[in-house]
Amino acid sequence: MTEMSFADAVREGLAEEMRRDKLVWALGEDLSTAHGGTSANQYLGLIDEFGPKRIVNTPISENTIMGAAVGAAVAGTRPVADLRMADFGMCAADELVNQAAKIRYMFGGQARVPLVVRQAIGVRRGGAAQHSQSTEAWWIHTPGLVVVTPATPADGKGLLKAAIRADDPVVFMEHKDCWGVTGEVAEGEDSLIEIGKANRLREGKDLTIVSWSKMAQQAAAAADELAKTGASVEVIDLRTLWPWDKDAVYASVRKTGKLLIAQESVMVGGFGAEIAADVAEACADALKRFPARIGAPRTPVPYAEAMENEYRVTTERVIAKARQVLAA
């Protein structure tokens, strides 16, 4: 185990897969520049090891990046397409939603699209309306796409490696505030993490909080604070949003009888609503009250600091909502 940042862990995971399989390559904007391209220098040094045919600079055109990646995946390679901000994924939506997600189905399994699409999500100070969105619900809604949202360095590396090896298109969503988070990370095959398996961050008996990405870490911090007043809160980090680990969530809810879903993305039409409805149907006999949610308001992310602070789903707000659910 080695201590490293999320950004370094993901870079190491990509490098390991490129060494393991010569069909793996990466494309995106500024990947091979001197500083390693993209935020947090996540491609630093890779151009020196793998060369410009496997670390490929592209025009500033997300639909071009995605179109090239889809074609290359169908042709037999395993591209990792970096769209930088999730907001820019909208520019590539036709290629991702109407092509990558549906090719396997439309060709009766004769063609597959082993493609990873990296998108940075989450509110980062001053990012404003076009650089701060968390759009996971858009891709979860699309049949044919796998969606993963790692929160720790170990999960970032392990899930990226698993995503690269998958034979279906995977939307890999990493929170910008997680890039600098540090933690222990395994090497080689020991670092692989199975897609579709949640991680229990805290064990409890009074309330289950289900979350993902940075919000999962905030939920764990909320559970620690609530424990000081005698509340026992279980925290489930989904890690993968589609497919999501229903068994882990059901087991936790059947134990605690209460559920809170915490998401940073806009609450209206968010994935939290899907989880709440699913659990309400599957665990009706165990629930002591209806599932609750917390998420962002249905507004663009503000630029002004005071307004951005009002928009954010903070640990303190998760604690306040959890107390309401515990008291009901």
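The legends below go with close-up views of a predicted model. Local features need pLDDT of at least 70, side-chain atom pairs count only at pLDDT 80 or more, and totals for chains, interfaces and linings use all residues. Residues are numbered from 1 along each chain as its sequence is written, and side-chain values use heavy atoms, with hydrogens and water left out.

**View 1. The largest nonpolar core has 46 residues.** A nonpolar core here is a set of buried Ala, Val, Leu, Ile, Met, Phe, Trp, Tyr and Cys residues joined through side-chain atoms within 4.5 Å. Buried means under 20% relative accessible area, exposed over 50%, and partly exposed in between (1.4 Å probe, protein chains only). Look for Leu-115, Leu-238, Ile-275 and Val-279, the residues with the most contacts inside this core. Helix 3 (residues 62–74) gives the most to it, with six residues; helices (H or I, at least four residues) and strands (E, at least two) are DSSP runs, numbered from the N terminus. Leaving aside residues up to four places away in sequence, Ile-275 touches Val-210, Trp-212, Leu-238, Trp-244 and Ile-261, where contact means heavy atoms within 4.5 Å.

**View 2. Strand 13 (residues 259–266) pairs with strand 10 and with strand 14.** Strands pair if DSSP finds at least two bridges between them. Three bridges join strand 13 to strand 10 (residues 207–211), running parallel, and Thr-208 has Leu-259 as its bridge partner. Strand 14 (residues 292–296) also runs parallel to strand 13, with four bridges, and here Val-266 is partnered by Ala-296. From strand 13 the chain passes through helix 10 (residues 271–282) to strand 14 in a right-handed β-α-β crossover: with the strands pointing away from the viewer, the path from the first strand over the helix to the second runs clockwise. Seven of the eight residues of strand 13 are buried.

**View 3. Arg-104 and Asp-168 meet through their side chains in a salt bridge (2.8 Å, N to O).** Arg-104 sits in helix 5 (residues 103–106) and Asp-168 in the loop between helix 7 (153–165) and strand 7 (170–175), so the pair ties together parts 64 residues apart in sequence. A salt bridge is a side-chain nitrogen of Lys or Arg within 4 Å of a carboxyl oxygen of Asp or Glu. Arg-104 is partly exposed, at 32% relative accessibility, and Asp-168 is also partly exposed, at 23%.

**View 4. Arg-239 and Asp-155 form a salt bridge (3.0 Å, N to O).** Both Arg-239 and Asp-155 are buried.
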